[in-house]
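Subject: Structure handover

Hello,

Here is the structure for your files. My notes on it follow below.

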Amino acid sequence: MTHAGSLPIADTASKVATVTFAFWVMKICATTVGETGGDLLSMTLNIGYAASSLVLIGFFIVALMLQLRARRFHPFLYWAVILATSTAGTTLSDFMDRSLGLGYATGATLIATTLVAVLATWRLTTGSIAVDHIRDPKIETFYWIAILVSNTLGTALGDFLADSSGLGYGLSNLLIAAGIGLTVLAYFFTRISRTVLFWIAFVLTRPFGATMGDLLTKTPDKGGLGFGTIGSTAVLLAILIAMVLVTTWSIRAKKRRDVA
């Protein structure tokens, strides 16, 4: 959470994007692409949840290794890892809930427990779970594990709300949006830890993206808008790429001003 007008320009000493309003817009786009892209592989292309998970986890591992080896912040690389955690999280959640037969409620509970364990281990190991200055390899590794687990949780939670709870895609989106709105109000009007609010918002924006993805791709008889996985993924990916380009331009413009 941060001031509304700024762009996610990375601190020169940090390897991750600064948390701004644009960061959250891009994160929602990435997580929605994660939902539609994961469904594109597993269902539209009929690869299956297990095979899709292996493909997307492989993409995640490659992107993560490149990110960890990088010496500075690279916008396209950073958002490629975010996108990879979203798509891998989608297929991992679907594999647990459907292929393993755990169901949405059980799957979401197990993943939520895992996320708490990751954050607790991170806190106990390093003394903080803050995300405003990440450069140490150990801290960055915890950061990306937490993001992968939270995105997996978001898929399971979104599916639970949209399907098992009976709310449907529209009402689920409204409920999650209300939770995000309350988090924003807490940021501006309370003294709750900004780090705590970040992780709450990060978790909530994943099911928001997941249910938004389902709303866009599912047929009208299932409560969706019927745009399909291919069209929705292409449009959202184009928006994300455009915003990354704007971010990159902003970083370079700032550096030119600093030099001048």
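**Nonpolar cores**

In this predicted model, the largest nonpolar core has 47 residues, and Phe23, Tyr78, Trp122, Tyr143 and Trp199 touch the most other members. A nonpolar core here is a set of buried Ala, Val, Leu, Ile, Met, Phe, Trp, Tyr and Cys residues joined through side-chain atoms within 4.5 Å, where buried means under 20% relative accessible area with a 1.4 Å probe, protein chains only. At least two residues of this core come from each of H1 (21-44), H2 (49-69), H3, H4, H5 (137-164), H7 (194-217) and H8 (229-259); helices are DSSP runs (H or I, at least four residues), numbered from the N terminus. The most comes from H5, with 9 residues. A second, separate core of 5 residues includes Leu161, Ile180, Leu204 and Phe208.

Tyr78 touches Lys15, Val16, Ala17, Phe23, Gln67, Phe73, Tyr143 and Trp144 (heavy atoms within 4.5 Å), leaving out residues up to four places away in sequence.

**H3 and H4**

The axes of H3 (residues 75-99) and H4 (residues 104-126) come within 8 Å and cross at roughly 135 degrees; axes are lines fitted to C-alpha atoms over the stretch in contact, with angles from 0 to 180 degrees between N-to-C directions. On the H3 side, Met96, Asp97 and Arg98 meet Tyr104, Gly107, Leu110 and Ile111 of H4. These contact residues divide into 4 nonpolar, 1 polar and 2 charged, with Gly counted as polar, and Asp and Arg as charged.

**Conventions**

Residues are numbered from 1 along each chain as its sequence is written, and side-chain values use heavy atoms, without hydrogens and water. Local features need pLDDT of at least 70 and side-chain atom pairs count only at pLDDT 80 or more, while totals for chains, interfaces and linings use all residues.

Regards

How values were computed
Buried means under 20% relative accessible area, exposed over 50%, partly exposed in between (1.4 Å probe, protein chains only).
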